[in-house]
Amino acid sequence: MSALRLISSAARRAPASFAVARRGYAEAASDRINLSLVLPHQAIYTSSEVIQVNVAAATGDMGILANHVPSIEALRPGVVEVIESGSASKKWFVSGGFANVHPGNKLTINVVEAAPLENFSAEAVRANLQEALKVAAGNGSEEDKLEARIEADVYEALQHALGSK
Amino acid sequence: MSATWRSVFTYNKYAQITARAVRNSLKETERVAAEKRGLTTVRYQHWENGVGGQQTVLNPELEKAPGKPAV
């Protein structure tokens, strides 16, 4: 009789162990985004946890934080700013490419050319811009003029980036 | 901006043009190493019956700076 009571009480106790099992929260609590910023010849960031990334998308400047909605953004020639922790931020000027936010809090930025702002020479940019504007306004072929116009846009963006550092 | 290039250039060519512009604006020390990245050479060879023919280099005179980007 007592054995039966023991079994029944044990059966009543069994479900309690299931309630104690904890649910796992994967990356929902993370406040950092996993960034990979890569060039064809160099990887600047490879799966690094950063707080915020500011990019110059073709549709406008945007800041990407943790758990951003998945999206694909074409980048203008412009500045990519990475905020790793606190108030320290690093800036690179990129020639253009794509920023992809993947599901699962992952951001990959693929660009063709990029360099830290201090690697640029304001003098060279000014001279290049003058040269490009001259060709763009000259009387070459349509292709050459368009090419010069594209380059002039890059140099103007560079000047803006270097000037307002 | 200049979305008009889309009727003339492919995106690849556009990306090469902007990359070249960025490379040309670097400080002298970095620019020399970066310029090499802009060079592409193509060597092609016709194969027939398992035998390779003459290897020919496309655009052998690549010393002139800065050449037209590929594509």
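This is a predicted model: local features need pLDDT of at least 70, side-chain atom pairs count only at pLDDT 80 or more; totals for chains, interfaces and linings use all residues.
Chain A brings 29 residues to the contact, and chain B brings 25 residues. The size of an interface is often given as the accessible area lost when the parts come together. Between chain A and chain B, the buried area is about 2300 Å², and carbon and sulfur atoms account for 62% of that value. On the chain A side, Glu113(A), Glu147(A) and Ile150(A) together provide 25% of the area that chain A buries against chain B, which is more than any other three residues.

Ten residue pairs are in polar contact between chain A and chain B, counting pairs with both residues at pLDDT 80 or more. Four salt bridges are found across the interface of chain A and chain B. In the salt bridge between Glu151(A) and Arg20(B), the closest N and O atoms are 2.3 Å apart. As for secondary structure, the side of chain A that touches chain B draws at least two residues from each of β8 (97-102), α2 (122-137) and α3 (142-163) of chain A. Of the elements of chain A, α3(A) gives the most to this side, with eleven residues.

Attention now turns to the annotated part of chain A. An unreviewed UniProt entry places the feature "domain: ATP synthase F1 complex delta/epsilon subunit N-terminal" at residues 34-111 of chain A. In the model, this span is 72% strand and 0% helix, and its end C-alpha atoms lie 17 Å apart.

Tyr45(A) sits in strand β2 (residues 43-50) of chain A. With a relative accessible area of 6%, Tyr45(A) falls under the 20% limit and is therefore buried. Leaving aside residues up to four places away in sequence, Tyr45(A) touches Leu35(A), Ser36(A), Leu37(A), Val38(A), Val50(A), Val82(A), Glu84(A), Lys90(A) and Trp92(A). With one of these residues, Glu84(A), the side chain of Tyr45(A) makes a polar contact of 2.9 Å. Ile109(A) is 64 residues away from Tyr45(A) along the chain, yet the C-alpha atoms of the two are separated by 9.3 Å.

Ser71(A) belongs to strand β5 (residues 71-75) of chain A. Its relative accessible area is 17%, so Ser71(A) also counts as buried under the 20% limit. Not counting residues up to four places away in sequence, Ser71(A) is in contact with Ala99(A), Asn100(A) and Val101(A).

Ala66(A), by contrast, is placed in the loop between β4 (60-64) and β5 of chain A. Ala66(A) and Arg32(A) are 34 residues apart in sequence, while their C-alpha atoms are 5.1 Å apart in space. Arg32(A) is also one of the residues that Ala66(A) touches, together with Ser30(A), Asp31(A), Ile33(A), Ile51(A) and Asn105(A), when residues up to four places away in sequence are not counted.

Strand β1 (residues 42-48) of chain B pairs with strand β2 (residues 51-58) of chain B in the antiparallel sense, over six bridges.

Key:
Residues are numbered from 1 along each chain as its sequence is written. Chains are lettered from A and ligands numbered from 1 in the order in which they are written. Side-chain values use heavy atoms; hydrogens and water are left out. Helices (H or I, at least four residues) and strands (E, at least two) are DSSP runs, numbered from the N terminus. Buried means under 20% relative accessible area, exposed over 50%, partly exposed in between (1.4 Å probe, protein chains only). Contact means heavy atoms within 4.5 Å. UniProt positions are given in the numbering used here, feature names are shortened, and annotations may be inferred rather than shown by experiment. Two strands pair if DSSP finds at least two bridges between them. Buried area is the accessible area (1.4 Å probe) that two parts lose on being put together, summed over both. A salt bridge is a side-chain nitrogen of Lys or Arg within 4 Å of a carboxyl oxygen of Asp or Glu. A polar contact is a pair of N or O atoms within 3.5 Å; within protein, one must be able to donate a hydrogen and the other to accept it, and residues adjacent in sequence count only if both atoms are side-chain atoms.
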